[in-house]
Structures are given as C-alpha cells and as structure tokens.
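This report describes the fold, the nonpolar cores and several individual residues of a protein chain. Please consult the sequence and the structure shown here alongside the text.

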Amino acid sequence: MSKIMIVDDAAFMRMMIKDIITKNNLGTVIEAEDGSVAVEKYNQEKPDLVLMDITMPEMDGIQAVKQIVKKDPNAKVVMCSAMGQQAMVIEAIQAGAKDFIVKPFQPDRVIEAVKKMLK
C-alpha cells in the first residue's frame, strides 16, 4: 500500500484529505504540520506521494519542496493552494512539484491527483 504524506498547518485540512484517502483505500497516511517537519519525515518515511500546502508558518511548502527534491529528485509532490495563489503554484512547480489541487478540495480532484501520481 502506498504511503502518502499530508502536509498542512491546519489540522482540519489534514483530516479532510486523510478522510478522502482512507475512504478510497488510496494508501496509508503520514501527517506533518509544517514544511520543516515534512522534510524530516520525508527523509525518515520515504512516502510515495506528498500533498503539500503552500502557505505555512516556519517553512512554507515551496521551501519544503526544494529541500525534498534536492534529496530525492524523483519525489512526487502535489501542491495544495487556495484560489488566487497562481504565482505561488508556478513557483512550486518550478521548485519540483508535479501537480496542484485547489482549496476548497473537491474529493474527486484529490482522488484523481493521487491516482495519477501513484501510477
């Protein structure tokens, strides 16, 4: 079963995504509450996929993606952004993210992005 790491500073957002992933048997979930914890957990757990929020305290998603991709060029990271963060999404893709999903999450879009990345 795939390991999927959810990175978001909002616990309810992590819970929403975790719920979608577990209900659809897409994988087991690892959680991180900010970018620096995500980088640390990525190195320990080696998840198959990371769903990463862009805007977080401590270390934002873009900095975390850069660090993860530097250590693992094959890392699969999907950015999660609020509407109106197009510039940040572009920066995240340039930093190594493979896809993005927009908040508020549509469960079908989350499932589609996860399945596409785990092929």
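## Basis of the description

Two strands are taken to pair if DSSP finds at least two bridges between them. Helices (H or I, at least four residues) and strands (E, at least two) are DSSP runs, numbered from the N terminus.

The model is predicted: local features need pLDDT of at least 70, side-chain atom pairs count only at pLDDT 80 or more, and totals for chains, interfaces and linings use all residues. Residues are numbered from 1 along each chain as its sequence is written, and side-chain values use heavy atoms, with hydrogens and water left out.

## Sheet and packed helices

Five strands form an open sheet in the order E2-E1-E3-E4-E5, with parallel pairing. Strands E2 (28–32) and E5 (99–103) are the edge strands, each pairing on one side only. Direction ignored, neighbouring strands of this sheet are turned by 20° against each other on average. Strand E1 (residues 3–7) runs parallel to E2 and is joined to E2 by five bridges; Met 5 has Ile 30 in E2 as its bridge partner.

Helix H3 (residues 61–71) packs on the sheet, where it touches strand E3 (49–53) and strand E4 (77–82), and its direction makes about 155° with that of E3. Helix H5 (residues 107–118) also packs on the sheet, touching E1, E3, E4 and E5, with its direction at about 165° to that of E5. For these angles, axes are lines fitted to C-alpha atoms, for helices over the stretch in contact, and angles run from 0 to 180 degrees between N-to-C directions. Contact means heavy atoms within 4.5 Å.

## Nonpolar cores

A nonpolar core is a set of buried Ala, Val, Leu, Ile, Met, Phe, Trp, Tyr and Cys residues joined through side-chain atoms within 4.5 Å. Buried means under 20% relative accessible area, exposed over 50%, and partly exposed in between (1.4 Å probe, protein chains only).

The largest core has 25 residues, and Met 5, Val 7, Val 50, Met 52, Val 65, Val 77 and Met 79 have the most contacts inside it. At least two residues of this core come from each of E1, E2, helix H2 (35–45), E3, H3, E4 and helix H4 (86–95). H3 gives the most, with five residues. Beyond its neighbours within four places in sequence, Val 77 is in contact with Val 50, Met 52, Val 65, Ala 97, Lys 98 and Asp 99. A second, separate core of 18 residues includes Ile 21, Leu 49, Leu 51 and Phe 105.

## Annotated region and Asp 53

An unreviewed UniProt entry annotates residues 3–118 as "domain: Response regulatory". The end C-alpha atoms of this span lie 10 Å apart, and the span is 49% helix and 22% strand. UniProt also places the feature "modified residue: 4-aspartylphosphate" (unreviewed entry) at Asp 53. UniProt positions are given in the numbering used here, feature names are shortened, and annotations may be inferred rather than shown by experiment.

Asp 53 lies in strand E3 and counts as buried because its relative accessibility is 4%. Leaving aside neighbours within four places in sequence, Asp 53 contacts Val 7, Asp 8, Asp 9, Gly 61, Met 79, Cys 80 and Lys 103.

Arg 14 is found in helix H1 (residues 11–23) and is buried, with a relative accessible area of 12%. Not counting residues up to four places away in sequence, Arg 14 touches Ile 6, Asp 8, Asp 9, Glu 31, Ala 32 and Glu 33.

Pro 57 is found in the loop between E3 and H3 and is partly exposed, with a relative accessible area of 47%. Under that sequence exclusion of up to four places, Pro 57 touches Asp 9 and Asp 34.
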